[in-house]
Amino acid sequence: MRKDLVFGMAGSGGDGIVSAGDSLLQAASAEGYHGVMTKSFGSQIRGGESSCRVRISTDPVLNPGGNLDVAVALNWEDFLKFGAELPVAGTTVVIYEAATGVPENQIPLVGVTPLQVIAVPIAEMAKSTAGTERAKNTVVLGLIAGWFGIGGEAVMKGISKKLAKKSQELVDANQKAFDAGVAFAKTHPLKADMTVEPSRTKGAVKLLTDGNDMCAAAAIFAGCQFFGGYPITPSTEIMQFFTHHVWKYGGAVLQAEDEIAGIGAAVGASFAGKKAMTATSGPGLSLKSEMMGLASIAELPLVIVDVQRGGPSTGLPTKTEQSDLFAAAFSAHGDVIRPVLAPTSVADMFRTTIEAFNIAEYYQTPVIVLSDQEIASRKETLDPIDTSQFKIVNRLLPTGSDLQDYKRFKQTENHISPISHPGMLGGTYLASGIEHVESGAPTNSGSVHARMNDKRIRKFDPLKDRRDLFEITGNPDAPLALIAWGSVAGVCREALQMAREQGLDVKLMVPYLLYPVAEQTYRDFFASVQKGLVVEQSHLAQTFKVLRMHLDLPKGLQSLARSGANPFLPGEIVAALHHLLSELQRSHEGKLQPQE
Amino acid sequence: MSANATCEFQAKDYKSDLKPIWCPGCGDYSVVQGIYRALAAVGRPPHEVAFISGIGCSSRIPGYTTAYGFNTVHGRALPIAQGIKLANPDLLVLAAGGDGDGFSIGGGHIAHLIRRNIDITYLVMDNQIYGLTKGQLSPTSQKGRTTCTSPYGSLENPVNPLLYVLAYGAGFVAQASPTDLAGMAAIIEEAIRFPGFAFVNIQSPCVTYGEEVQQIKGLKAISENLASLGHNPADRLAAMDLAQHYGEKLHLGVFYRNPEPAPTYDALIRERQAALSKDAPPKERILDLFIKK
């Protein structure tokens, strides 16, 4: 029996492979399993390749998993397009469409001998039972239920519910296709037992959602009443969620005429006193940068979500990458600090988005949430979240005495000035992109500019002391270390567990606050570190470079960085840690040898 | 609301302490006077007015009023103004800027505010030149015009702002000029009172970089009052016909006023909020949407 299984399935668009993954995850979640599902496509709408990866576990899932335990190929051409996104190893059971005509001993995977390879006449079974090849994905679900014991009843219950609206005939046809899959599995047993242990939390209430929907829900919970945006993959679902729900809470959403107008409207809404948000991806972030600068100098709260994809330009619009850190931290000209936060999973997207609003409102600043395509579109099963534990921060409004002689940009001890909004008697002022004195009146004075820059930059000092925006696990005094953020953090959490089980003395830092760089927090973390890795999906190693810009890094700290799309695997990170350890041991031996 | 419903405010109540930084004789001095008078006539208290501008000489204007002002970035007065109006429809929202701001760098926005019919009044101070950057070609400069970026004469046709907004279906389109301050104040007032997107093109001469014929005297020579021409402002096609003479004639007054104004976007939003908030679960329970049974 297994605690954990990773499925990877690929086919042509229209084969329904992603919808099969959805059914599998929903069924597993209904059975009380934990699970994560990621999808990957070409950037076309129909035709072309599509795939999904579903990880099901009896324990909470940290990431979409490494090598596949089960690979399903409806045709080889499409499967191979995903390359390292769907890695097959010696431990993988490979199931594929027999109609491809490829013999079991000649499957086109180079340099690997899977645990078992099974050709199944999937299309033929679909046709003979349901009368149409469109039921191929249901046959696959039957095979999975038969071989791996996941979601037998729950899968068909879900499918029936979905199809019942259409016709009972369709439900019956799919039931037959499903049963055929189960029957095939029973008559062709696997060499090794790969069934999953029964869930220990059967019947428990679970949430099932993806990072984009979670982000939008968190924003509404945090009190966001305005969203201005423009459709762009892979962030659009955030705006879509708002169009369904924000009205219910007295808010509004605008699908603007372009990216600039989207953030512009959000800046306007914030000026009008409302919590406001926009969301985008790389190209949109580039377009929004002038408005981000305006929000910084006008000291207006604003949350900007950047769902990262491969760049530059259109790049890989449907695949994940962590290459927008420079743009998030440094785009928009001038001397400015713009806080950048990053969630690591769908679950902590809730907390991170609320934190972004709290920081934006408290510090009167734009805040960027650096999500990524993987978190945005992956579905996770979650335990219910107790929303009462989250504190909501609102901007500092002027008091009656402040309004006697109101100065919008008044110098205060903590550099934060009470902020009025239109409609507030006594609070009128001129907001502007031009430098201004305390009242808001424009100025060209160099000394005022220096003072105001100082105010706008030093107000963030306390943010750097927020240790709760960093997660440190493992032995705090370990000589080996990992640093990772965003979707890569989940891979490193699993790598940390594996490495510690293998006896490595290692710790992991996951920053939720990427910028400004919290120097002292890193220095304290680095105190014990002799060797370590900053793991990131960025060819330029942007995180490593931002850290190096602000800190003297330990000599043994290295970068493990590469372009996006292809996920890091926990195993390769553990291997890299072993390598670091042996380097460390060699250097120690070197030191111990008496000098000749 | 009748024109003299409230007399609580006078023009001076909308004038701020900031001394305008414009060239002596600039048309914008008159425009800001016209705005004070119009706001006083409408009678909304200054703190309920949000006045948004872009970048350019004319975009300094919100700072010279006692309203909540926002001097934003080049070309983006309208995107920001629409966010303000949608976030708080109770506010009176004015937007202003020059011809470069409205019809060049920000030229893509106006069509969308018009089709949404957001209740904002947009005042463009059109002087056919970039003044703040010292005299370059603008989107409304006449073909052949020599400027410091067109030393051999412009090769481009100008944008016709009036035809542009009429073609997109703006509910209120007018033109004014400092040649007639009282008339300008009345037009701005009417634009503010119009329920929906209202556009006023104001021929405001640039005394430093403008040509001789574009100064007050030259403008007076080509100006004609639309009312005295017998123009019916309910006739959109007649308005478009007249608007074709932009650049040759200065028609002052209301080109078009939709006699049956459509509901505004901000009003429709209110309706939607009211309808959907009735049975909404509290936001503390928003995650219940993700429960899978």
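User: What makes residues 55–202 of chain B a named stretch in this predicted model?

Analyst: The name comes from a record: UniProt, in an unreviewed entry, places the feature "domain: Thiamine pyrophosphate enzyme TPP-binding" at residues 55–202 of chain B. In the predicted model, that span is 30% helix and 19% strand, and its end C-alpha atoms lie 17 Å apart.

User: How do you know whether A:Ser313 is buried or exposed?

Analyst: The cut-off for exposed is 12 or fewer other C-beta atoms within 10 Å, and because A:Ser313 has 9 within that distance, A:Ser313 is exposed. This residue belongs to the loop between S11 and helix H11 (325–330) of chain A, and although A:Ser313 is not a glycine, its phi is positive, about 55 degrees.

User: What makes the peptide bond from A:Thr233 to A:Pro234 cis or trans?

Analyst: Omega of that bond is near 0 degrees, and the bond is cis; A:Pro234 lies in the loop between strand S8 (224–229) and helix H8 (236–245) of chain A. The peptide bond from A:Tyr515 to A:Pro516 is likewise cis, with omega near 0 degrees. Most peptide bonds are trans.

Methods. Residues numbered from 1 in each chain as written. Chains lettered and ligands numbered in written order. Predicted model: local features only at pLDDT ≥ 70, side-chain atom pairs only at ≥ 80, totals over all residues. UniProt positions renumbered as here; feature names shortened; annotations may be inferred. Helix = DSSP H or I, 4+ residues; strand = E, 2+ residues; numbered from the N terminus. Buried ≥ 20, exposed ≤ 12 C-beta atoms within 10 Å, placed from the backbone.
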